[in-house]
Amino acid sequence: MPATAEKLDGSRVRLAVEVPPEDLQKEYGRAIQRVGRRVKIPGFRPGKAPRRLVENAAGVGTVLQDLMEAVVPRAYTSALDETGVTPIDQPELDVPELPTLDAPFLFSAEVAVAPTVELGDIDDVSIDVSVDEVTQDEIEAEVEQLRTTQAAWEPVERPAVAEDMVQTRIQIVGEGIEPEDPQPYNVLVGSNGFPVGFDGAVTGAVAGDSVSYDARIPPNDPNEALRGKDVTFEIQVDGVSERQLPDLDDEFARSVGPFENLEGMRERIVGALGERKAHEAQHQLEEQAVQSLVDRATFEIADVLLEREREQVLRERTDALVQRGIPVDTYLAMQGETRDAWEAQAGEEALNRIHRSLALDAYAEAQGIEADVDEMQAEVDRVAEYYPQERRNVIRSNLMRDEARLRVASTVRSRKAVAALVAAVTDGAAPLHDHEHQHSEPPPELAAAAEPEDDPEADQA
């Protein structure tokens, strides 16, 4: 069955398919038999009536329609084999009127195909390799943060000021709001989630005072019943406490970690800050390198593939909110975002993911980068280490399945491609940080493969 393929924009192909008359004639005989089995013709068993009687009983059009339903799918499949086209979605068929048996039958099919990428030249890309020094201010900020975590709250008999903790009972009053008993809140003055006006109301108050203030609840408030309403906060002040920071001495150092003295604690802080800066710098370096590769590449991506990835991004974002117990609409209201903006952001992320994946895959192929068996096993073990001990054998087994193994190989290959790319744009400089930690969270594609939805043991864990 002769066929030709015409490349279209948007990673689509139009197939022109021709079915020769002799093939139509052979299929017509088989169509007669199929239709004959579906109609009742007196004196004949189903499928045994002569062609003329079947045509008279069912109509030639019915037989030809049956013929087309058999020929078109078979001819389309044959055309794919002949042209080497690999579709990623169902075809859009353009089939003309019923065929005749003495002329070729022509039809066409448009289908989305795998995306393509053409890499550009990155020889001119050069990225500086550097890690910022740890500053004394950063060290002191970490020290103060440790002191804050060890602070005690001591009651005071004075008016409340900024950074005090005020013990309160609060009642919200307003039109259309069901009355409730005052609710207890310990509130930090100057740093809390109450509407503007709260800090001013309680500043200067002492235990036993009653204060109030009017406010309009923001439209993105987590409490749907209060959003956008004018209310009054009636506040009973029950006490005021101030933060007491521990003395900065060797005893404090021993209380916050395995340190012999304050000097040892500071040394550990300097090391941790340096590690963090190196990790962040390496991550930024990798992102710049990959973005340089993407910016110089050209892509053709079918809309259907982009839509699938967009839906995947939306599922991941929704699942993340569900795990936190936050409905999507509530989250959007809290962020002041619309559903359209939420979906548009997902589309942008989907496109970025596809661009990055295609570019790195093409770069890996150009550089001859592959994932070997030992590297894949190491990746499986690394992912398994993220899970509890009793689940690790199941996780390893899941990741060794055929489809999951392909994902593991792709992940390893992509990571090696990033490393090679970074080396290329930094003139072979040593990495700033080896940030592949054994217990780091696995990539989303491997997390999904490690615990598939139909894994019964995952449900029992």
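I started with β7 (residues 165-173) and strand β10 (residues 230-244), which pair in the antiparallel sense over nine bridges. For my own use I noted that two strands pair if DSSP finds at least two bridges between them. The strands and helices are DSSP runs (strands are E, at least two residues; helices are H or I, at least four), numbered from the N terminus. In this pairing, Ile170 stands opposite Ile235 in β10.

Before going on, I wrote down that this is a predicted model, where local features need pLDDT of at least 70, side-chain atom pairs count only at pLDDT 80 or more, and totals for chains, interfaces and linings use all residues. Residues are numbered from 1 along each chain as its sequence is written, and side-chain values use heavy atoms, with hydrogens and water left out.

**Still on β7.** I looked for another partner and found strand β8 (residues 183-188), joined to β7 by six bridges and running antiparallel to it. Here Thr168 stands opposite Tyr185 in β8.

**The sheet of four strands.** Next I traced an open sheet, and its four strands come in the order β1-β2-β4-β3 with antiparallel pairing. β1 (3-8) and β3 (92-94) are the edge strands; each has a single partner, so one side of each is left without a neighbour in the sheet. Neighbouring strands are turned by 20° against each other on average, direction ignored; the axes behind this angle are lines fitted to C-alpha atoms, for helices over the stretch in contact, and angles run from 0 to 180 degrees between N-to-C directions. As a reminder to myself, strands of a sheet pair through backbone hydrogen bonds, either parallel or antiparallel.

I then followed β4. Eight bridges link β2 and β4 in the antiparallel sense, and Val19 has Phe105 as its bridge partner in β4. Is β4 enclosed or open? Six of its eight residues are buried, so β4 is largely enclosed by the rest of the structure. Buried means under 20% relative accessible area, exposed over 50%, and partly exposed in between, with a 1.4 Å probe and protein chains only.

I checked Leu67 by itself. Leaving aside neighbours within four places in sequence, Leu67 is in contact (heavy atoms within 4.5 Å) with Leu24, Glu27, Tyr28, Ala31, Arg34, Pro99 and Leu101.

**Helix α4.** I moved on to α4 (residues 136-149), which has 14 residues and reaches 20 Å from its first C-alpha to its last, close to the 20 Å expected at 1.5 Å a residue. That expected span is 1.5 Å times one less than the number of residues. Ile139, Val143 and Arg147 are buried in α4. They cover an arc of only 80° around the axis, which puts them on the same side of α4; the arc is that of the directions from the helix axis to the C-beta atoms. The buried residues of α4 pack against α6 (250-256) and α7 (262-295).

**Helix α9.** In α9 (residues 328-335) I found Val328, Thr330, Leu332 and Ala333 buried, with α8 (303-323) and α10 (339-367) as the helices they pack against. Just after α9, Gly336 takes a positive phi of about 70°.

Ser11 has a positive phi of about 55° although it is not a glycine. I placed Ser11 in the loop between β1 and β2, where it is buried at a relative accessible area of 4%. Asp427 has a positive phi near 60°, sits in the loop between α13 (402-425) and α14 (444-450), and counts as exposed at 75% relative accessibility.

**Last entry: Phe299.** I found Phe299 in strand β11 (residues 298-300). Phe299 and Val117 are 182 residues apart in sequence and 4.5 Å apart in space, C-alpha to C-alpha. Not counting residues up to four places away in sequence, Phe299 touches Thr116, Val117, Val294, His355, Leu358 and Ala359.
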